[in-house]
Amino acid sequence: MKQRTLVVVAAGLSQPSSTRLLADQLSAAAVTAAAERGIELHVTTIELRDLAHDITNHLLTGFPPGALKQALDAVAGADAVIAVSPIFTASYSGLFKSFFDVVDKDALVDKPVLIAATAGTARHSLALEHALRPLFAYLRAVVVPTSVFAATDDWGADSAEGFLQSRITRAAAELATEVDRREAATVTDPFALTVSFEDLLK
Amino acid sequence: MQFGIFSVSDVTTDPTTGRTPTEHERIKDIVTIAKHAEEVGLDVFALGEHHNEPFFSSSPTTTLAYIAAQTDKLLLSTATTLITTNDPVKIAEDFAMLQHLSSGRVDLMMGRGNTGPVYPWFGKDIRAGIPLAIENYALLHKLWREHVVDWQGKFRTPLQSFTSTPRPLDEIPPFVWHGSIRSPEIAEQAAFYGDGFFANHIFWPASHTQRMIELYRQRFAHYGHGDPDQAIVGLGGQVFMRKNSQDAVKEFRPYFDNAPVYGHGPSMEDFTRETPLTVGSPQQVIDRTLGFRDYVGDYQRQLFLMDHAGLPLKTVLEQLDILGDEVVPVLRKEFAALKPAHVPDAPTHASLLAAKTAKEKVSA
C-alpha cells in the first residue's frame, strides 16, 4: 500500500467539542476511502485550542514555539489536510484564521484540502463557501468540491444513515481521490538557495 | 574572541516608573554606556541605525566618532548599517573617515533594516530589498578597493572616474559583517566575499541560527576562503544578571513583559527556553553562552544586548560591571581553551595591516 499522511486541523474550543467530533468522523472516513484506493493514511490531529497561546506568540514574535513548529511542519509535509472550524460571527473562528495566518503561504500549494464547519443552526452553513473556501483558494490549495457542515440538529439524527453521513463519505472519497493522483508531498528547505550568487550579482 | 555590546537605540518608557527618557538623555547615555564598555574590558561597541521613532540613532558615524574620541581600545561597529537605503558612496566615505579618526578601530555590519516604510523615505522600493543589498554592497566593496571607479548599476546614477575620499586607512577597508535574522541570501553574500556573518540570534530559536550559520560556513568554503570552521561568525545574545538568579528574574520581568518586539507575548520563561535570552546569575549566563558553541562551532564575536526596553542607565552600567568583572573573563578563558589553532580570530585593522605587510615583504 502507498503510505500517505493526513493532517486534521480542528479549531473547536470546548472539550469535548462537536468540531472535533466532526473532524474525527471525517478523518475516519478519509482513512477508509484511502484504503479502498490502496493507500494507507497516517493521521495526525491538531487541536488548535492546545496551541492558542503559541499562535498568539508567533504573531507577536515572528517565530513558532516548539509545539506550534511541529504542527506547522506537519501541515507543510502532509499529503492532505482536513480543516474544521466552528462558525463564529458569520465566519471561521479567529483562532482558525490565526493558525492559517502563520502557515507558510506556499505550504498548501496543490495540497488536497477538505473543509468542514460546525455551528448551532444550519443558517450558518454557507460560511464554508464564502469564508473557508476563498481562504484556501488564496493559499492555492485544491479544495475538494464537497464541504461538510454540521449543525446541532445533525448530531440528533442517526449518524449512520443521516444526510451528514452521506456528505462525509462523499467528501472523504473526493479527498482520497486527490491524494491518490498525486506524488507524495515534498517540503522545500528554506535554507536551500535556488539561485547562485553570481546570478544575483548580475 | 571579541566580546561586546550592541544597542538598538530605542527610547522606551521604564515600565516600573512610567518615565520616558528624552532623546537627549538617551543619546548622552549611550556615550556613557560605550565608554563604560571599554572601562569594564569589553572589546566592541555596536550601534544600530534607525530613521523612525522610538529610536534615536539615525547617524551612527557621528555618534561613533564622538565615542572614538573618548576611548582608546574599544572597537566601534554598527548593528546594523542599512545597505539598502543608504547610498553606498556615502557609506564608503563616512566609514573611511571614521576609520582615520579612530585609528582603525572600526568595522561595520550590513543589514536591511526592520521596517518597510524606511525604503520610500530614502527613495527606495522595499520590494527590491535583497537586490538593493546585493548591488549596493558590490559597489561599496569596489569603492574601498579601487582608487578610481567606473560603475553602472540599477539603483543609482552611474559613476565615472570616481574616487571615494578619504581612502581607507592604510588602504585596508574596514572589516564587514553581514547581519541577518532570516535571509539565506545574506549568508550567501557574506560567504561570497569572505566577510563575516552575524546572526542576530536573540529573536529566533537556536535551531534557526544553527541552520543559517551552517549555510554560511559551507558557502564560505565553497567560495574558497578556507575551511567551514574558519569562517568568521558573530552572535547576538541577551542577558540580565544579578548575583541571585531569582532577583534577576524579578527585576527584569516588567521590562521583558513590556519590551518592544516580544512584550505582551510569550512569558519570560517561554522566551528563555525558545531563544538565547538568559535571565539569572552570572554563572547561568556563562554556561548558556558557552553552549552557543555547541550549535554554531567556534566563533569570533559575541555581542550582548544590554540597554533596551526602558532599563535605566544605572542598571545598564551595573549589568556592564557584572559582564566585565564576572562573565567575560571566564568566557574568554574557556572559549580560548576550546578553540583549535587553525580557527582565526575576527580580523581587525591591526591584524589586516600585519597580514598586508607580511605579504608585501614576501613579494618584495
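In chain B, helix α2 (residues 60-68) and helix α3 (residues 88-101) have axes that come within 10 Å and cross at roughly 5°; axes here are lines fitted to C-alpha atoms, for helices over the stretch in contact, with angles from 0 to 180 degrees between N-to-C directions. Because angles under 35 degrees count as roughly parallel, α2(B) is roughly parallel to α3(B). Thr61(B), Leu64(B), Ala65(B) and Ala68(B) of α2(B) make the contact with Asp94(B), Phe95(B), Leu98(B) and Leu101(B) of α3(B), contact meaning that C-beta atoms, placed from the backbone, lie within 7 Å. Helices are DSSP runs (H or I, at least four residues), numbered from the N terminus.

This is a predicted model, in which local features need pLDDT of at least 70 and side-chain atom pairs count only at pLDDT 80 or more, while totals for chains, interfaces and linings use all residues. Residues are numbered from 1 along each chain as its sequence is written, and chains are lettered from A and ligands numbered from 1 in the order in which they are written.

Next, follow α3(B) to another neighbour. Pro88(B), Val89(B), Ile91(B) and Ala92(B) of α3(B) meet Asn136(B), Leu139(B), Leu140(B), Leu143(B) and Trp144(B) of α5(B).

Finally, turn to the other chain: 18 residues of chain B are in contact with 13 residues of chain A. On the chain B side, α5 (129-145), α6 (184-193), α7 (206-222) and α9 (268-274) each supply at least two residues, and α6(B) gives the largest share, five residues.

Definitions and conventions:
Two residues are in contact if their C-beta atoms, placed from the backbone, lie within 7 Å. Angles under 35 degrees count as roughly parallel, over 145 as roughly antiparallel, 65 to 115 as roughly perpendicular and the rest as oblique.
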